[in-house]
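User: I am new to this structure and would like to understand how its descriptions are reached. Could you take me through some of the terms as we go?

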Amino acid sequence: MSIKNNHKHPIKVSIVMPTYNKYYQTSLSLYGLSKQTFPQAEYEVILVDDASSDNTPNIFKEADVPFKFKYIRMKQNKGRSSVRNIGINHAEGNLLIFLDGEMLAPPAFIENHYKHHVHESNLVVTGAMHYEGVYTFIMPDYNEDQVAHLKELVSRDPEYRRLYENYEQTQQHSNVPCPLVTKEDINTNRFQRLSFPNRYFLNSGLKHFGERLEGFTLPYIAFLSGNVSVRKANLKKSGLFDETFVGYGAEDWELGYRLYKNGVQFVLDPSTVAYHQEHGISKRKVKEQWGNHDRFVKKHPNIDVLILSLEWKELPFMHMHQTLVEYKELKKRFPDEYNELTHAFRVMLFRIIEYLNNGQPVTKLYELPPGSEERIKIHQQLETLRPRGFDYLASSFEQIYYL
């Protein structure tokens, strides 16, 4: 580990930043963190380089930062969970902020996270639900949709449009990223002209539950490790990231689920938002995501985890929430009346992820011979759901039973 500004002042906040081959974006991210309103002597940034093959190792020499800066380089790629755990173990602060290496933090970012934890010790605070993306570089591996989106954004600003047109004329076939946003653009907030919101989670139902997700049955999905804060003591109680989750996805939800089960309160705060610097999207991500989701449901085969399988059907989180509420109410009111239907529902939810992970078609999730006793019972039970007020559960069941 290499350290800059190795003073002895007590650290209150440790920012754990994993990075892998994001040299250009991470350099800008560190600049953004150097412009924070939070006292510079009271926070540190721990950059854990997961064996990058680009210029990332040069960042430590190049970075001119006022905060305590720790750079840790892995000799071989360890994966997202492992490198975050390494960062946790080197953190001096009582409050940890997990921030991806390509996240650009506004000046009040740390301060707005910290203020929540001053008077409450049992919180997870996230700005990730109020996602903002930004194009800071023209990356050679952007897909067609990203290129079209970027062209739309640069058309709104003469200088950015000029830079993009010059890129098309002189560098279009280059493998080197072309900078759009400068440090001065960050100082003046001009970079926001190339930003855009993506309220996927909020628009999927979470905004109905307020800042503290009151009554929401799946609050752990707010633990998105690209931008989230939690006290170190809560992690020690619930455990760190599960290092069997190696690739992309679900490792943060799995930790969030353990925190949720230990009674941690989840808070959504738009003032803690950071800007994700867009980059090319790896085709491996989808496969890795389903593999980790499969690992998640096998580790926690509970209905409040299995219900997330309905995301594959593009059902909003509000629908999943209502389905889960009705499922639990059904089990409470009719403990012995719907055993065949609830068993089939759980099995089908599990098989969705299993089939996706194995590359199988997601169909015929619960086949039964025509006329079999179990099949007849399931159909009889399904017919009584809506008359008894279990509309969401009936809808969710039908959408996967008849695949």
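User: Which residue in β3 is the bridge partner of V16?

Analyst: The bridge partner of V16 in β3 is I46. The chain crosses from β2 through α1 to β3, and this β-α-β crossover is right-handed, a term used if, with the strands pointing away from the viewer, the path from the first strand over the helix to the second runs clockwise. This is a predicted model, in which local features need pLDDT of at least 70 and side-chain atom pairs count only at pLDDT 80 or more, while totals for chains, interfaces and linings use all residues. Residues are numbered from 1 along each chain as its sequence is written, and side-chain values use heavy atoms, with hydrogens and water left out.

User: What makes β2 and β3 a pair?

Analyst: Two strands pair if DSSP finds at least two bridges between them, and β2 and β3 (residues 43–49) have seven, in the parallel sense. Strand β5 (residues 95–99) also runs parallel to β2, joined by four bridges, and there the bridge partner of V16 is F98.

User: Why is β2 called largely enclosed?

Analyst: Seven of the seven residues of β2 (residues 13–19) are buried, so the strand is largely enclosed by the rest of the structure; buried means under 20% relative accessible area, with a 1.4 Å probe and protein chains only. Both faces are covered, with V13, I15, M17 and T19 on one side and S14, V16 and P18 on the other.

Note on methods: Buried means under 20% relative accessible area, exposed over 50%, partly exposed in between (1.4 Å probe, protein chains only). Helices (H or I, at least four residues) and strands (E, at least two) are DSSP runs, numbered from the N terminus.
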